[in-house]
Amino acid sequence: MISNEPRVTAEAPSLLELDDIHVDYEGIISALRGVSLRVGRGEIVALLGGNGAGKTTTLAAASGLLAAKRGAITRGTVAFDGQRGAGLDARRLVQGGLVQVLEGRRCFAHLSVHENLVAGALVRRASRAEVVADAERIYALFPRLAHRIGSAAGLLSGGEQQMLAIGRALMVRPRLLLLDEPSIGLAPQIVQEIFDVITRLNRNEGVSVLIAEQN
Ligand code: ATP
């Protein structure tokens, strides 16, 4: 169970706030008790904890995905950019710019790299020209993906799949990116490449980031 103090930075107004969140699974398994955290605009916040500590549950509470796991917020509130409630609607959150990269990469294995990126853009009904421009941007951020553009995602290495999962999320043009253990199982050099891109997105484009990691 995680119970962490909010990181308070006076200058950054809140984008995401979890306040005293309690979560149960199946109505009986208590996974979170009293979690509060805050991500300010333009901040990168790390949520650290060991196996089973409740990181994924915390991210799912923020992104409205608990119901899909038979979980529910039983107490507390979630607020994202002016929306507030005891759990917010996942689709509205994505449309509002809160985009989660799930643990385990979850690319569409039989679709090509490029098709996976195009799928990301479907959420925001982008024009064809916007999709082309945004995909080019992802290839510039992750040159390894440009080299595998026509390959089926399922044939990529773990690191490339993680890059693709992040790239697909970026096609939504997020304002807040939720990343669930993006470094898991990857070589240190690949982890460094991925974290460099995340840092650049944050510095250059103001994308806020909430990242769950064990380390
Ligand atoms: P990991 O690093 O293993 O991904 P985590 O910190 O993300 O761990 P969670 O996956 O959030 O932790 O799990 C928190 C607790 O909730 C654990 O005790 C876990 O067994 C339980 N739990 C998670 N998902 C479910 C579920 N769908 N149904 C029942 N219990 C669950």
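Analyst: Two strands pair if DSSP finds at least two bridges between them; helices (H or I, at least four residues) and strands (E, at least two) are DSSP runs, numbered from the N terminus. This is a predicted model, where local features need pLDDT of at least 70, side-chain atom pairs count only at pLDDT 80 or more, and totals for chains, interfaces and linings use all residues. Residues are numbered from 1 along each chain as its sequence is written, and side-chain values use heavy atoms, with hydrogens and water left out.

User: Happy to start with the parallel sheet: which are its edge strands?

Analyst: Four strands form this open sheet, with parallel pairing and the order β3-β8-β7-β6. An edge strand pairs on one side only, and here that applies to β3 (44-48) and β6.

User: Which residue of β8 is the bridge partner of L177?

Analyst: Good one to trace in the structure! β7 runs parallel to β8 (residues 208-213), and five bridges join them. Within β8, L177 has as its bridge partner V209.

User: What angle does the direction of α1 make with that of β7?

Analyst: Contact means heavy atoms within 4.5 Å, and by that test α1 (residues 55-63) packs on the sheet, touching β3, β6, β7 and β8. Axes are lines fitted to C-alpha atoms, for helices over the stretch in contact, and angles run from 0 to 180 degrees between N-to-C directions. For α1 and β7 this gives about 155°.

User: How many residues of α6 are buried?

Analyst: Buried means under 20% relative accessible area, exposed over 50%, and partly exposed in between (1.4 Å probe, protein chains only). Buried residues of α6 (158-170) pack against elements including β6 and α3 (113-122). The helix is largely enclosed by the rest of the structure, because the buried count among its 13 residues is twelve.
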